[in-house]
Amino acid sequence: MAVFSENQTIPEMDRHSVLVFAVEPDEQQQVCDALCCHDDWAVRFVTSEKQALAEISKNPPALMLVDMQDLVKHGIDFVDTLRRKHPLVPVVLLTRRDDEPVFQALRHGAVNYVPWKLIDTGLVEVAESVLLASEVRKCRNRLLSYTVKQEHHFSLGNDTSLVPALIGLFQESLLGMGICDQAESIRVNMAMEEALLNAIYHGNLEVSSKLRNDPERGDEPYREEIEKRRKLSPYKDRKITVHARLTTTEAHFVISDEGPGFDPGALPDPTDPDNIELASGRGLLLIRTFMDEVHHNEQGNTITMIKRRQNGK
């Protein structure tokens with residue numbers, strides 16, 4: 001991983017570029033340590049809103065990380081400005097327990113967040129997910145622009161390697177049919193990924209996200225239980241079904257699993273500052289924030305999500 005100061009000239013490169021808005025040196029080092037597994041990522045740092053906007057204008061990064069503690073000083077205007085001026089640069093927030101504006105920032109353009117407490121194990125996973133979504137080809141397929149309706153029906157096992165391909169298919173349709181722009185499609189991708197992985201991990205495999213809160217082992221017990229249940233009956237034999245209907249006015253997604261279901265209302269409220277560092281409920285928060293309409297069936301094993309065409313499209 002290459003690290004650059006805010007004053008250095010960045011050479012032209014094909015690798016990923018990550019811009020980090022963090023003031024404190026020890027927090028900058030935490031980010032470096034968390035991303036050190038990727039030698040091909042070039043990480044730059046800025047320490048003010050003005051420097052961040054200037055750097056993005058000069059050398060747009062593939063990903064922007066923003067320390068929420070610094071963002072609070074500027075309110076949500078900074079994220080809103082980034083989305084308007086640089087819609088192709090996805091923003092991930094680095095949060096603390098008392099960062100209440102994080103939920104408003106998600107509504108104004110941020111695509112995800114990672115608590116500082118979980119940065120060692122969570123940042124790479126989120127960054128890889130966002131970068132994968134933003135790398136989907138920017139050129140829209142000309143044929144898609146003439147499409148008035150699409151329907152897709154899938155019956156899938158618990159193979160998570162298919163999730164990026166499925167999301168990429170939907171993103172291409174969302175862009176090509178003009179339902180949303182590149183920046184908004186990334187947010188829809190984040191919601192879709194959470195819904196699909198929830199259906200696999202929590203629905204079919206019945207693995208609780210509480211296992212991710214181990215104070216000593218992090219999310220290792222969670223990952224171990226997932227791999228264990230992939231090979232055990234009845235979990236390994238369950239399927240998820242995905243139904244998608246896209247028109248020129250909206251995208252309608254229905255995802256079902258074969259698990260026992262759950263009560264969404266029983267999850268800890270992720271908008272409560274006391275729960276911001278918990279893994280439970282975080283995915284549902286992103287889904288509800290990025291989709292226009294979300295509801296579950298009575299059993300809790302089917303989620304319906306609707307994304308409507310953006311104004312002015």
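Student: Which residues of α6 and α8 meet?
Tutor: On the α6 side they are Ser-129, Val-130, Ala-133 and Ser-134, and on the α8 side Gln-182, Ile-186, Asn-189, Met-190 and Glu-193. Please keep in mind that this is a predicted model.

Student: How do the residues of that contact divide by class?
Tutor: The contact of α6 with α8 has four nonpolar residues, four polar residues and one charged residue.

Student: At what angle do α6 and α8 pack?
Tutor: The angle is about 130 degrees, and the axes are 9 Å apart.

Student: Is the crossing of α6 and α8 left-handed or right-handed?
Tutor: The crossing of these two helices is right-handed.

Student: And how do α8 and α10 cross?
Tutor: Helix α8, residues 182-204, and helix α10, residues 282-290, have axes that come within 9 Å and cross at roughly 140 degrees. That makes α8 oblique to α10. The crossing in which α8 passes α10 is left-handed.

Student: Which residues make that contact?
Tutor: From α8 the contributors are Glu-184, Arg-187, Met-190, Ala-191, Glu-194, Ala-195 and Asn-198. From α10 they are Arg-282, Gly-283, Leu-286, Ile-287 and Phe-290. By class, the contact of α8 with α10 comprises six nonpolar, two polar and four charged residues.

Student: Is α10 largely enclosed or open?
Tutor: Eight of its nine residues are buried, so α10 is largely enclosed by the rest of the structure. The buried residues of α10 are Arg-282, Gly-283, Leu-284, Leu-285, Leu-286, Ile-287, Thr-289 and Phe-290.

Student: What do they pack against?
Tutor: The buried residues of α10 pack against helices α5 (102-107), α6 (119-134) and α8, and against strands β6, β10 and β11.

Student: Let us turn to β6. Where is Asn-112, and what does it touch?
Tutor: Asn-112 belongs to strand β6, residues 112-115. Leaving aside residues up to four places away in sequence, Asn-112 touches Val-91, Val-92, Leu-93, Leu-106, Val-126, Met-190, Arg-282 and Leu-286. Met-190 takes part in the contact of α8 with α10, as do Arg-282 and Leu-286.

Student: Is Asn-112 buried or exposed?
Tutor: Asn-112 counts as buried, because its relative accessibility is 3%.

Student: What about His-152? Where does it lie?
Tutor: His-152 is in strand β7, which covers residues 149-156. With a relative accessibility of 16%, His-152 counts as buried, because the cut-off is under 20%.

Student: What does the side chain of His-152 make a polar contact with?
Tutor: The partner is the side chain of Gln-150, at 2.9 Å. Not counting residues up to four places away in sequence, His-152 also touches Leu-169, Phe-170, Ser-173, Val-242, His-243, Ala-244 and Leu-246.

Student: Now the loops. Where does Asn-297 lie?
Tutor: Asn-297 sits in the loop between β10 (293-296) and β11 (302-308). At 30% relative accessibility, Asn-297 counts as partly exposed.

Student: What does the side chain of Asn-297 reach?
Tutor: The side chain of Asn-297 reaches the backbone nitrogen of Gly-300 at 2.8 Å. The C-alpha atoms of Asn-297 and Asp-263 are separated by 9.8 Å, and these residues are 34 residues apart along the chain.

Student: Which peptide bond is cis?
Tutor: The bond from Ser-233 to Pro-234 is cis, with omega near 5 degrees. Pro-234 lies in the loop between α9 (220-229) and β8 (240-247).

Student: And what is phi of Glu-206?
Tutor: Phi of Glu-206 is near 55 degrees, a positive value in a residue other than glycine. Glu-206 is located in the loop between α8 and α9. Its relative accessibility is 30%, so Glu-206 counts as partly exposed.

Student: To finish, how many helices and strands does the protein have?
Tutor: The protein has ten helices and eleven strands. Of its 313 residues, 52% count as buried.

Student: What share of the contacts is between residues 24 or more positions apart?
Tutor: Such residues account for 72% of the contacts in the protein with a separation of 6 or more.

How values were computed
Residues are numbered from 1 along each chain as its sequence is written. This is a predicted model: local features need pLDDT of at least 70, side-chain atom pairs count only at pLDDT 80 or more; totals for chains, interfaces and linings use all residues. Side-chain values use heavy atoms; hydrogens and water are left out. Axes are lines fitted to C-alpha atoms, for helices over the stretch in contact, and angles run from 0 to 180 degrees between N-to-C directions. Helices (H or I, at least four residues) and strands (E, at least two) are DSSP runs, numbered from the N terminus. Angles under 35 degrees count as roughly parallel, over 145 as roughly antiparallel, 65 to 115 as roughly perpendicular and the rest as oblique. A crossing is left-handed if the near helix is turned anticlockwise from the far one by less than a right angle, and right-handed if clockwise. Contact means heavy atoms within 4.5 Å. Ala, Val, Leu, Ile, Met, Phe, Trp, Tyr, Cys and Pro count as nonpolar, Asp, Glu, Lys and Arg as charged, and the others, Gly among them, as polar. Buried means under 20% relative accessible area, exposed over 50%, partly exposed in between (1.4 Å probe, protein chains only). A polar contact is a pair of N or O atoms within 3.5 Å; within protein, one must be able to donate a hydrogen and the other to accept it, and residues adjacent in sequence count only if both atoms are side-chain atoms.
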